[in-house]
Amino acid sequence: MKITLNQQATDLQANATVADALAQMQAKPPFAVAVNTIFVPKTQYAAHTLNEGDKMEVISPVTGG
């Protein structure tokens, strides 16, 4: 299936979860995740199934001024 991950088209297996997408992109903590502009708590990454066409954003904090 195809989703948009950080504004880039990405292929994932059917029934992929947020955790699967994070593993594929090798995300390094700390970060926050939103799917279709809705925050997904870390405790839900393995349970939150993605759907064709979903838009997932992985946001990392930036420090400095």
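1. Please keep in mind that the model is a predicted one.

2. The partner of D11 is K2: the two residues form a salt bridge in which the closest N and O atoms are 2.8 Å apart. K2, at 47% relative accessibility, is likewise classed as partly exposed, and the structure holds 1 salt bridge. Side chains of opposite charge can pair when their charged atoms come close.

3. Turning to the strands, β1 and β2 pair in the antiparallel sense over 4 bridges, and within this pairing I3 has T10 in β2 as its bridge partner. The hairpin of β1 and β2 has 2 residues between the strands, and N6 takes a positive phi near 50° there.

4. Strand β1 (residues 2-5) also pairs with strand β5 (residues 55-59), here in the parallel sense and over 2 bridges; the bridge partner of L5 in β5 is M56. Strands of a sheet pair through backbone hydrogen bonds, in either the parallel or the antiparallel sense.

5. Taken as a whole, the sheet is open and has 5 strands in the order β2-β1-β5-β3-β4, with mixed pairing. Its edge strands, β2 (8-11) and β4 (38-40), each pair on one side only, and the twist from one strand to the next averages 35°. Helix α1 (residues 18-25) packs on this sheet, where it touches β1, β2, β3 (32-35) and β5, and its direction makes about 60° with that of β5.

Definitions and conventions:
Residues are numbered from 1 along each chain as its sequence is written. This is a predicted model: local features need pLDDT of at least 70, side-chain atom pairs count only at pLDDT 80 or more; totals for chains, interfaces and linings use all residues. Side-chain values use heavy atoms; hydrogens and water are left out. Two strands pair if DSSP finds at least two bridges between them. Axes are lines fitted to C-alpha atoms, for helices over the stretch in contact, and angles run from 0 to 180 degrees between N-to-C directions. Contact means heavy atoms within 4.5 Å. A salt bridge is a side-chain nitrogen of Lys or Arg within 4 Å of a carboxyl oxygen of Asp or Glu. Buried means under 20% relative accessible area, exposed over 50%, partly exposed in between (1.4 Å probe, protein chains only).
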